[in-house]
Amino acid sequence: MSENSVMVYIQQNEGKAADVSLELVSKARELADKLGAEVSAAIFGEKVSGEVSRLASLGADKVYLVEDSRLKYYTPVPYSKLMIQTVSEKKPQIVLYGATTEGRDLAPRVASHLKVGLTADCTDLQIGDHTQKDTEYKNILYQIRPAFGGNIIATIVSPEKKPQMATVREGVMRMAQPSPSRKAETIKIKANFSKDDFPSEIIDRVLQAKSVNLKGAQIIVAGGMGVGSKDNFALIRELAQTLGAEVGASRAAVDQGFIGKEHQVGQTGTTVRPKLYIACGISGAIQHRAGMDSSSRIIAINSDAEAPIFGIAHYGIVGDLNEVIPKMIKAYKARV
Ligand SMILES: Cc1cc2nc3c(=O)[nH]c(=O)nc-3n(C[C@H](O)[C@H](O)[C@H](O)COP(=O)(O)OP(=O)(O)OC[C@H]3O[C@@H](n4cnc5c(N)ncnc54)[C@H](O)[C@@H]3O)c2cc1C
């Protein structure tokens, strides 16, 4: 049976759907509305049925589900077998995965088995038409991502084969407001596992809690090369602490060893969307902007009035951050 749907693979941990998967269900709803299609979600795990209502509230019409204690944690062989089975049976037009370690492992296995295309690390998805060798393809998926070191934004299409598949980075798509009254149909997929489908077993998992929560931060104070040194990053930390903010950084600052990689914002770091982003001594290269230009308010502090960051900043301060930041801290403390 061929289904007119946009399917999302739901990554889960201890039975809870990952944020990136919920963001993708929201985006899938938007795409499906343009296509006049349904949204389906595929979720596998030990106990995952508790997530059906959440997936429905964000826009899923159908949830394909497999519950089996052996699926408690992701392992490549059984998960890819199930996903290949689900996609082959339901034949969605589009399948989306989070560009996480798990999604990056699973999606290529499914794509190579089904011999369909896959675009990794998309930063946008749109629906449009495409003409190729005199053939016009209507309503296909534009898979949009930076290419050639971020110097161009490429639109990639795979019009000839279905499903069209893409992975999308965490935090790039906006999670919709849930509508608790929305309902989804739950469809249990019958898995035919043999013992060969479980060649590996997870005996123990040791999780290291994230020390930096850039994605969840409402305010981020980020430092770049203009900060000048590891020691001078104390100024960035002080402003962040004063404002109750998280500390971010450009890649150049990370590469110089001013601060750890977990603080990096941008194309190869974290994509953030805080209420306020303060960029200090950051020039505003496209790869940095790709990770923060959806922030609600951007303040840039830079000694070069021509720095590209001013092109996207809502408020710009031209000056030496070593003078500007202490004044900001003083002014803020004087008001609270
Ligand atoms: C494939 C690829 C992926 C990349 N991914 C990322 C990414 O994820 N994130 C990222 O950030 N970059 C990324 N980059 C790197 C990016 O191209 C830039 O090199 C980097 O963002 C520059 O960092 P910066 O703005 O801190 O440094 P610079 O470009 O050197 O800018 C420093 C700025 O500080 C200002 N300044 C200097 N002194 C002061 C002062 N005292 N007070 C105020 N301002 C001052 C200068 O005027 C300048 O504008 C990537 C590059 C490639 C090729």
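Start by selecting residues 38-45 and 62-67: these are strands E4 and E5, which run parallel and are joined by six bridges. Strands here are DSSP runs marked E of at least two residues, helices are runs marked H or I of at least four, and both are numbered from the N terminus. Residues are numbered from 1 along each chain as its sequence is written. What you have open is a predicted model, so local features need pLDDT of at least 70, side-chain atom pairs count only at pLDDT 80 or more, and totals for chains, interfaces and linings use all residues.

Pick Ser 40 first. Which residue in E5 is the bridge partner of Ser 40? Lys 62 is.

Now widen the selection. E4 and E5 belong to an open sheet of seven strands, in the order E7-E11-E6-E1-E4-E5-E12, with parallel pairing. Two strands pair if DSSP finds at least two bridges between them. Strand E7 (118-122) and strand E12 (185-188) each have a single partner strand, so one side of each has no neighbour in the sheet. On average, neighbouring strands of this sheet are turned by 25 degrees against each other, direction ignored.

Next, show helix H1, residues 19-35. H1 packs on this sheet and touches strand E1 (5-10), E4, strand E6 (94-98) and E11, and its direction makes about 180 degrees with that of E1. Touching, or contact, means that the C-beta atoms of two residues, placed from the backbone, lie within 7 Å. Axes are lines fitted to C-alpha atoms, for helices over the stretch in contact, and angles run from 0 to 180 degrees between N-to-C directions.

While you are here, click Asp 121 in strand E7. Asp 121 has a positive phi of about 60 degrees although it is not a glycine. The cut-offs are 20 or more other C-beta atoms within 10 Å for buried, 12 or fewer for exposed, and partly exposed in between, with C-beta atoms placed from the backbone.

**The three-stranded sheet**

Move on to E8, E9 and E10, which form an open sheet in that order, with antiparallel pairing. At its edges are strand E8 (124-132) and strand E10 (152-156), each pairing on one side only. From one strand to the next, the twist averages 40 degrees.

Zoom in on E8 and strand E9 (residues 135-147), an antiparallel pair joined by eight bridges. Within this pair, Ile 127 stands opposite Leu 141 in E9. H1 turns up again here: the helix lies across E8 and E9, at about 35 degrees to E8.

In the loop between E8 and E9, select Asp 134. Its phi is near 70 degrees, a positive value in a residue other than glycine. Asp 134 is exposed, because there are 5 other C-beta atoms within 10 Å.

**The loop between E10 and E11**

Follow the chain to Ser 158, in the loop between E10 and strand E11 (164-168). Ser 158 counts as buried, because it has 20 C-beta neighbours inside 10 Å. Which residues does Ser 158 touch, not counting those up to four places away in sequence? They are Val 116, Gly 117 and Gln 164.

In this loop you will also find Pro 163. A cis peptide bond joins Lys 162 and Pro 163, with omega about 0 degrees.

**Around the ligand**

Now select the ligand. It is surrounded by 29 residues, the closest being Gly 224, Gly 226, Ser 250, Arg 251 and Gly 266.

The largest share, three residues, comes from H6.

**Zooming out**

Finally, show everything: the protein has eight helices and 17 strands. Of its 336 residues, 43% count as buried. The C-alpha atoms fill a box of roughly 65 × 55 × 40 Å, taken along the principal axes. Among contacts between residues at least 6 apart in sequence, 66% join residues at least 24 apart.

Terms used:
A residue is near a molecule or strand if its C-beta atom, placed from the backbone, lies within 6 Å of it.
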